[in-house]
Amino acid sequence: MHRLLLLLAGAHAHDYFLDGSGTTNPSKFYWEIMSRFEAQAKPAVKMTYRAVGSSTGQCEFMGVCGDTVSDGGAFNDFGSGDMPFTSDDRQTLVDAGATFAHVPFSLGAMSFFHNVPDSTLPSTGLNMEACVLADIFMGVITTWDHADIKAINPSFSPPAGQAITVFHRTYGSSTTKGITQYLHAACPAKWTADLVGSTIAWPASTSAVEGSGEMSSSISATEYSIGYIDSGHGHDDGLSEIELKNLHGTFQSSTQAKANNGVQEAAAQAISTGVMPSDPLADFSAVSLHNMPGEFTWPIVAISYLYVRVDQTGTAEKGPLLKAFVQYVLSEEGQALLADYNFEGVPASVLALSNEAIAAMQLCGAEI
């Protein structure tokens, strides 16, 4: 990274502080960038990011978390999440005069993972379709030798009557929201709209686990189990991935999809089809990168956002520091750094949208 020099009007011999909060997924990426800023910026800066979850990042950005209300309008200088603001929450901010932008910057594949012994599996891996997965996670299909599973995997040879252990995330989880959005998009007849969300009512036959770490360890420790997790985490932990059928009809793993630009293609399709707005200040509540078209498109793609207030004129030196941070996240160097943390940068069409958010930021009394 080139040496960062912040030229702050009226700079004094004290540190300038910037705090963000939200999703855990890109937290290590943020911390790496912040450490670079702290090492190279002049005058000195202090930057923190609290990995407290997407929902908390949003409520802190709004300044209202449960019964706690901020007198200053927000608990953070920027938020981050793997889901857009709802229309109602966005309108609450707009009505309060807080014009803000969704800044998409990172893509991550979500997937289903299993612990079925290799000796029973077909040479092509364990193929699955959305409607079969919907029945498994709703407790309709309870054994691995069920006819619907065997129909997709004729040479699959699990023990007769072998039970399926199903794990799901507890509490609010952006991964739960992602996989439930996918199941509804790909099989609405079996996975209805009331079963979409960061928390849903799971059948009693399934087992709850807390966090990605417990999901991974539970699948790993339980033979003939299935669950869901972000793909990078699952592969880092050595889990076996389901070969998932996409809208085109291609059975593939997320690794195969990535090799064919299938994750970025989901975002590019969202822009070209109008699923994602062309204005970063618009309502993003309906944006979903699930079951997008394309031969190798991965069907469950999470998109991470920065939430940034456009008017930074009253924030003194924080505004230029925040703008510099967002610029670096979107830079060629910043986008390339995402790969170190199992994420992908956004395609050019989405990057152009995000850079419009930077152009809209209003600063006062300071320049970068």
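Guide: Cys 187 has a relative accessibility of 2% and counts as buried. The model is a predicted one.

Visitor: What makes Cys 187 count as buried?

Guide: Buried means under 20% relative accessible area. The value for Cys 187 is 2%, so the residue counts as buried.

Visitor: Why is Cys 131 called partly exposed?

Guide: Its relative accessible area is 29%.

Visitor: How many disulfides does a search of the whole structure find?

Guide: The search finds one.

Visitor: Why is H2 called largely enclosed by the rest of the structure?

Guide: Seven of its nine residues are buried, so the description applies. The buried residues are Ser 54, Gly 57, Gln 58, Cys 59, Glu 60, Phe 61 and Met 62. Just after H2, Gly 63 has a positive phi of about 85 degrees.

Visitor: Which helix gives the most to the lining of the largest pocket?

Guide: H8 does, with four residues. Elements that each supply at least two lining residues include helix H2 (54–62), strand E6 (100–114) and helix H8 (231–236). The space in this pocket is about 710 Å³. Its lining has 33 residues, and the closest to the centre are Thr 24, Asn 25, Ser 212, Asp 230 and His 233.

Visitor: What is the make-up of this lining by class?

Guide: The lining of the largest pocket has 19 polar, eight nonpolar and six charged residues.

Visitor: Which residues touch the most other members of the largest nonpolar core?

Guide: Among the 67 residues of that core, they are Phe 112, Ile 136, Phe 137, Trp 144 and Leu 289. Another core, of 31 residues, lies apart from it; Ile 33, Met 34, Phe 105 and Val 326 are among its members.

Visitor: What is Phe 137 in contact with, leaving aside neighbours within four places in sequence?

Guide: Its contacts include Phe 112, Val 166, Phe 167, Trp 191, Trp 202 and Tyr 228.

Methods. Residues are numbered from 1 along each chain as its sequence is written. This is a predicted model: local features need pLDDT of at least 70, side-chain atom pairs count only at pLDDT 80 or more; totals for chains, interfaces and linings use all residues. Side-chain values use heavy atoms; hydrogens and water are left out. A nonpolar core is a set of buried Ala, Val, Leu, Ile, Met, Phe, Trp, Tyr and Cys residues joined through side-chain atoms within 4.5 Å. Buried means under 20% relative accessible area, exposed over 50%, partly exposed in between (1.4 Å probe, protein chains only). Contact means heavy atoms within 4.5 Å. On a 1 Å grid over the protein atoms alone, a cavity is a set of points where a 1.4 Å probe fits but cannot get out, and a pocket is an open set with protein on both sides within 12 Å along at least five of seven lines; lining residues have an atom within 4 Å of a point. Grid points are joined across faces, edges and corners, and a volume is the space filled by probe spheres set on the points. Ala, Val, Leu, Ile, Met, Phe, Trp, Tyr, Cys and Pro count as nonpolar, Asp, Glu, Lys and Arg as charged, and the others, Gly among them, as polar. A disulfide is a pair of cysteine sulfur atoms within 2.5 Å.
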